[in-house]
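Take a look at the structure below. Start with the ligand, then move to the parts that lie inside.

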Amino acid sequence: MKIGVLFGGRSGEHEVSLASATTVMDALAQAGYQTVPIGISPEGRWLTSGDPLARLTSGEDPPAASRDGATQPTGITPFVPLDERMPAVDVIFPVLHGPFGEDGTVQGLLEMAGLPYVGDGVLASAVGMDKITSKTIFGAEGIPQVKYRALIRREWLQRPREILDEIERDFVYPLFAKPANLGSSVGVSKVRNRQELAEALELACAYDRRVLVEAGVEGAREIEVSVLGNDEPIASIPGEIVPGNEFYDYEAKYQDGRSQLLIPAVLEAEQAAAVCSLALQAFRALDCAGLARVDFLLGQDGTLYLNELNTMPGFTRHSMYPKLWEASGIPLPELVRRLVELALERHADRQRNRISRGCSENRTRMETERTDSHGAVLSLSKG
Ligand SMILES: Nc1ncnc2c1ncn2[C@@H]1O[C@H](COP(=O)(O)OP(=O)(O)O)[C@@H](O)[C@H]1O
Ligand SMILES: [Mg+2]
């Protein structure tokens, strides 16, 4: 089976994606798959010839994304995916983090092309990327979260003083300000006073038109769980991140040796069970597929808060997602094999959906081959 591995991409997590893709491709090869590397440059150019990973890693073609620029300036993007120049593949493994990859955009493209792909679909990817919408859904499910307030950039620009007043009335410092759609802690700040809050909102608003302010959990422990599956997901044992900085910011995430991963997290059995059960609940709430890493904050008083759900978590050899599975009895090659199987399963499941109501009543329940649906559309237009 040929697996097309998509990596790079137009987000600030371009380099992380290259590192993740290296690990994923090695593991796929070990699992016996043929891999077809497909790179996306920071400008959005698709590279399918030569050695796309080497070309992007060397930055030779074209220049790499600036580290803190979350999204490259738009403009005209040379966009030639999925045409006859695309190599033939059976499944796509999109190893893309952040906007234009983890947010449902690439997933939509793959749906349009009718290709099976690893991981979450359009809805789960888009919602998982959006910290405000995902909080709304988790809240509706009764999943515990920190107190927060969502804000639109326009509101902030129009009445900053009132907004600062309102936040100071409703919250106590420390607070966190973050853009709704981003990752790798880009644009995330911890603030202790009004001045810092104003600066943090200004910064978050530079990255997104929607931002949020959250109550900070002092001395929080960061607990993460890996989830794997489609309709019957399973959870790994929980792990813990001990950030090298005051919080798990960009440097703490990506500078070697700054942060520590504790696997398993040292938790009471009851607490570990609660974390896993909430992780599965969150996975189902967003209708996730394939994989997700669910991150929690554990307060000093033992209160557990869901922080966020990542639909394409870091996948390097040192990343929490694969390491938690390894410690739970699923080594990397087996993990990617399962992900490919889950992609095929989800694709087949989608194909079973009836597309139009014109299908004959006598047809077997799930029979909606391409020809059938065309036939159905025809009969509808006639009727
Ligand atoms: N409400 C909060 N209380 C305490 N720490 C927080 C809070 N929100 C975020 N953090 C810290 O900031 C980090 C990054 O925030 P997060 O929401 O996970 O953004 P990202 O999607 O960029 O990872 C977290 O891992 C944690 O260290
Ligand atoms: Mg995070």
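## The shell around ligand 1

The model is predicted. In it, 20 residues surround ligand 1. The closest are Phe-176, Glu-214, Val-217, Phe-247 and Tyr-248. By type, the shell holds 10 nonpolar, 5 polar and 5 charged residues.

Where do these residues come from? Domain 2 (147-215) and domain 3 (218-343) each give at least three residues to the shell. Three strands also take part: strand 6 (175-179), strand 13 (290-298) and strand 14 (304-310) each supply at least two residues.

## The nonpolar cores

The largest nonpolar core has 74 residues. Among those that touch the most other members are Val-5, Leu-6 and Val-227. Helix 1 (residues 14-30) gives the most to this core, with 8 residues. Domain 1 (2-117) and domain 3 (218-343) each contribute at least three residues to this core.

Leu-6 shows how such contacts look up close. Leaving out residues up to four places away in sequence, Leu-6 touches Ile-38, Ile-40, Ile-92, Phe-93, Pro-94, Val-95, Leu-96 and Val-106. Another core, of 19 residues, lies apart from the largest one. Its members include Leu-175, Leu-182, Ala-200 and Cys-205.

## Strands 13 and 14

Strand 13 and strand 14 run antiparallel, joined by 6 bridges. Leu-297 stands opposite Tyr-305 in strand 14. The hairpin of these strands has 5 residues between them. There, Gly-302 takes a positive phi near 90 degrees.

Why is strand 14 largely enclosed by the rest of the structure? Because 5 of its 7 residues are buried.

Note on methods
Residues numbered from 1 in each chain as written. Chains lettered and ligands numbered in written order. Predicted model: local features only at pLDDT ≥ 70, side-chain atom pairs only at ≥ 80, totals over all residues. Near = placed C-beta within 6 Å. Helix = DSSP H or I, 4+ residues; strand = E, 2+ residues; numbered from the N terminus. Nonpolar A, V, L, I, M, F, W, Y, C, P; charged D, E, K, R; others polar. Domains from an automatic or database assignment. Core = buried A, V, L, I, M, F, W, Y, C linked by C-beta atoms within 7 Å. Buried ≥ 20, exposed ≤ 12 C-beta atoms within 10 Å, placed from the backbone. Contact = placed C-beta atoms within 7 Å. Pairing = 2+ DSSP bridges.
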